[in-house]
Amino acid sequence: MKKTGTILLMIAVLTACQRTKPNIDDDIRNPSNEHGSVIDVTPMLPDAVWSLIEQAEAHKKNAAFSQAINTLQRALRIAPHSPLVQQHLAEMFLAEGQYHEALLWAEKVTNQGPQFGQLCQRARRVLSLAAEMLGETEKQGQALDAIASCVQEAKPRY
Amino acid sequence: MKQNTTLAKKKNKTKIRWFRWLIKPAIFCVGVAIGLCSPWYFYIQHVTNSIIHETWEVPSVVYARPLEFYQGLQLSRKALLFELDLLGYQQVTGSPQLGQYQVHNNAFDIHSKGFNFPDGKQPPQRIKLNITNSAVALQSHEIIRLEPKVMGHFFSSAFENRHPMKLEQMPNSLVQGIQAVEDREFKHHHGVDWWGITRAMVKNIMAGKIVQGGSTITQQLVKNKLQYDQQSWLRKLHEALAATLIEAKLSKKDILEMYLNEIFFGQDGKVAIHGVVDAASFYFAKPVERLAIHEQAVLVGIIKGPSWYNPIRNPERAIQRRNVVLKVWHDTGIINTQTWQTAQAKPLGLSQHRKLKTDYDDYMAVVKMQLKRQFSDHELKQNGLRIFTNLDPYVQYISNQTARRTRQWLDANMEAAMVISNARTGELLAMTGSQSPHSQFNRALLARRQIGSLIKPLVFLAALERLSGFDLDSMLEDKPLRVSTRDGKAWQPKNWDQQSQGRITARHALVHSRNQATVDLGLRLGLDNLIDFLESLGLNINRAQHPSLFLGAIELTPFDVQHLYAMFSTQGQVQKINAIRSVSDADNQTLSRSKTTVNHPVSKQNIAQINQAMHLTTVSGSARKITGKFALTGHYFGKTGTTNAGKDSWFSGFDSRYLATVWVGRDDNQATPYSGSSGALVLWAHLFKNL
């Protein structure tokens with residue numbers, strides 16, 4: 001009887017342990033939460049570039065796309081090969097209706113940027129949208145198909 | 001009865017005579033009035049209407065790049081001091097006010113002036129930074145910039161510099177101060193101050209000549225617009241009538257705004273300075289809204305006689321006049337006693353930036369060339385566009401200084417040209433078209449010369465791209481060879497040392513610039529294949545080329561060469577060297593910005609292989625003087641080029657920051673004793689030593 005009670009108590013404790021999440025943020029537990037890929041690439045950039053990206057985003061919120069583009073071009077002078085800055089530029093050009101420029105920048109990110117993760121998907125989405133606006137349906141289709149390749153699915157853990 | 005009748009007739013006759021005597025002058029007067037005064041009145045009407053409705057021709061302004069501070073920026077102390085002086089900043093020992101800076105060892109405290117950039121307005125701010133090992137450690141911000149230097153204008157034929165500003169944006173003290181000094185009754189009169197004119201007339205009659213004017217601000221505006229050369233009574237009458245008509249048509253505010261934007265403040269060479277905005281910029285290198293009281297007083301003092309009270313040529317006279325103005329302001333209550341006393345004790349405080357003017361003409365030629373594709377002459381000269389360029393004033397200064405010393409290092413007949421761009425972005429930073437500051441011929445942009453061995457990296461790159469199985473470890477034959485040309489003649493290329501090294505690697509051939517091995521490779525590649533490759537890079541090549549093309553028998557300008565070598569320094573990212581960042585209109589709306597260029601259709605790995613060989617060239621190859629004799633300590637890449645008998649000496653090379661192409665040679669295309677490494681490389685090395 002005592003033995004059975006101990007076993008039941010242990011089962012209860014273990015069940016509680018199994019249900020309790022460790023104190024770790026969801027972002028860290030599952031980096032693929034938003035874009036479905038376990039591999040994501042966030043390039044390292046100087047603080048000045050992050051600051052300019054934030055300023056550009058603030059301009060974007062006010063629909064001041066031209067100012068946002070000028071701000072991102074400042075960032076690009078500091079980090080000319082940064083795919084993140086290039087991607088922001090592509091998105092801003094798309095928002096401003098300059099589809100050819102958006103397409104060029106998105107192509108740069110697609111060709112030279114990360115091949116997995118959020119940035120990879122964003123670049124291909126912008127590419128497909130810009131191609132659609134320019135009537136380049138073949139390029140649009142290829143870009144849409146390529147979005148799936150950005151996802152490196154998590155293997156089941158046992 | 002008869003007598004009465006006769007008397008009446010006599011009276012009538014007298015009346016008629018009187019009437020005739022009166023009517024004639026009256027008719028004459030009416031005739032004069034109709035014949036002279038009416039046309040005159042209509043003429044004045046026309047003049048006033050044209051003054052009121054005149055649209056100013058506002059010249060476009062060309063700006064250099066703004067100096068942007070951020071953590072880790074490569075910047076020397078010398079370069080920062082140069083930039084601050086160029087922008088008219090004053091060094092002070094105490095806490096810096098607007099437009100001043102304090103420097104203690106390598107710690108700078110700068111109070112910037114603020115600027116309306118295309119991406120938003122930046123207010124004046126304190127910037128605190130340290131420079132350690134030529135790198136910026138920014139303490140006050142993550143990123144911040146100084147205002148850009150004005151490097152030129154696109155003037156109309158009138159050469160007038162003017163940037164209109166709204167009255168509300170001008171300092172109150174200046175707006176009130178001008179009225180107090182020039183026209184105290186401005187708010188009350190109707191264009192003409194009759195009491196003032198009477199007073200002036202009495203004084204002038206007593207003096208026997210015109211010694212005092214009683215002109216109101218409105219009359220002065222008319223006078224400026226009509227641009228009379230001499231004072232005369234008729235002119236005064238013109239002014240008075242036109243001023244009265246203008247007062248009837250415009251509000252006092254509009255008149256004052258027009259006056260402040262129109263008034264003449266002196267000459268900058270052949271350019272006339274009009275309006276308070278440009279006067280503030282010219283004399284104090286500041287926006288007008290940031291002028292201190294004593295500086296405003298200097299400007300107001302100039303109006304009475306822009307030449308006589310010119311603060312640059314006649315500083316003592318200008319100070320006396322300034323103090324008169326300050327006293328008037330104190331007497332009329334515009335400033336209090338303490339401000340008056342403080343302002344009187346100040347020096348003139350003129351900016352010294354005019355003395356540091358460097359020569360931007362060669363760079364401006366590229367700006368004009370690239371702008372002409374998008375903007376008409378009319379738009380550039382009259383629409384007040386703001387053109388933001390990539391010019392780096394310090395790099396331009398060093399480039400000019402290096403070119404000026406060409407004849408100190410080389411022969412007396414040698415000419416030079418230099419182009420410098422950002423090695424990573426392809427932005428054009430500086431251009432020098434001659435060793436002489438007086439030369440009008442921009443060799444960097446216009447002189448087409450054979451490029452010699454500068455073509456070799458392109459030949460080897462073409463082989464990497466198009467010859468399967470070829471890499472820089474492949475073996476080439478550096479031995480005498482005979483090539484039959486299309487016109488049936490034989491061509492026998494030789495090496496610069498008249499030696500042949502036999503079987504060598506392609507890398508060795510490129511690093512040591514072996515001609516025979518390069519032709520061996522070229523023949524394997526094929527002339528048409530090379531031409532096709534060069535055309536894909538944007539060159540326009542004559543298809544009937546001789547095989548000497550393998551050794552650079554093609555004429556290009558230094559600017560063309562810069563485009564080609566930008567492919568190496570940017571790892572294929574940039575196809576075009578750009579002088580212009582963006583163009584905004586007068587309302588700060590961006591009209592145009594530099595276009596994104598597609599990448600070169602060349603493999604990055606292949607470019608990296610050529611870059612590695614070009615690095616070896618600077619260490620152990622034909623350009624080893626860079627790390628040897630000149631002891632430059634960085635990581636460099638480059639290639640020398642020499643044409644027959646040293647007619648052209650070239651070097652194009654880069655590090656992580658700058659790409660520079662240097663040409664030296666004679667204008668008459670005669671032989672020189674210089675090769676690429678003993679001529680152009682000397683200038684290149686001095687340039688990089690000082691950057």
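**A walk from chain A into chain B**

Starting at the N terminus, the elements of chain A read α-α-α-α-α-α-α-α. That gives eight helices and zero strands for this chain, where helices (H or I, at least four residues) and strands (E, at least two) are DSSP runs numbered from the N terminus. Before going on, please note that this is a predicted model, in which local features need pLDDT of at least 70, side-chain atom pairs count only at pLDDT 80 or more, and totals for chains, interfaces and linings use all residues. Residues are numbered from 1 along each chain as its sequence is written, chains are lettered from A and ligands numbered from 1 in the order in which they are written, and side-chain values use heavy atoms, with hydrogens and water left out.

Let us stay with chain A for a moment. Of its 158 residues, 41% are buried; buried means under 20% relative accessible area, exposed over 50%, and partly exposed in between, using a 1.4 Å probe and protein chains only. Its accessible surface (Shrake-Rupley method, 1.4 Å probe, and for residues only the protein chains shown count as cover) comes to about 9,400 Å², with 56% belonging to carbon and sulfur atoms.

On that surface you will find a nonpolar patch formed by Ile7(A), Leu8(A) and Ile11(A), with about 290 Å² of accessible area together. Such a patch joins nonpolar side chains (Val, Leu, Ile, Met, Phe, Trp, Tyr) within 5 Å, from residues with over 30% relative accessible area and no salt bridge. Leu8(A) sits in helix α1 (residues 2-19) of chain A, and Leu8(A) counts as exposed because its relative accessibility is 55%.

Now to the meeting of the chains. Here 25 residues of chain A are in contact (heavy atoms within 4.5 Å) with 23 residues of chain B. Together the two chains bury about 2,200 Å², 44% of it on carbon and sulfur atoms; this is the accessible area (1.4 Å probe) that two parts lose on being put together, summed over both. Four salt bridges are counted between chain A and chain B, each a side-chain nitrogen of Lys or Arg within 4 Å of a carboxyl oxygen of Asp or Glu. One joins Arg74(A) to Asp119(B), with the closest N and O atoms 3.0 Å apart.

Finally, the largest nonpolar core has 168 residues, and Phe69(B), Ile110(B) and Trp684(B) are among those with the most contacts inside it. A core is a set of buried Ala, Val, Leu, Ile, Met, Phe, Trp, Tyr and Cys residues joined through side-chain atoms within 4.5 Å. Helix α23 (residues 680-690) of chain B gives this core its largest share, eight residues.

Definitions and conventions
Patches are made of residues with over 30% relative accessible area and no salt bridge: like charges are joined within 9 Å, nonpolar side chains (Val, Leu, Ile, Met, Phe, Trp, Tyr) within 5 Å.
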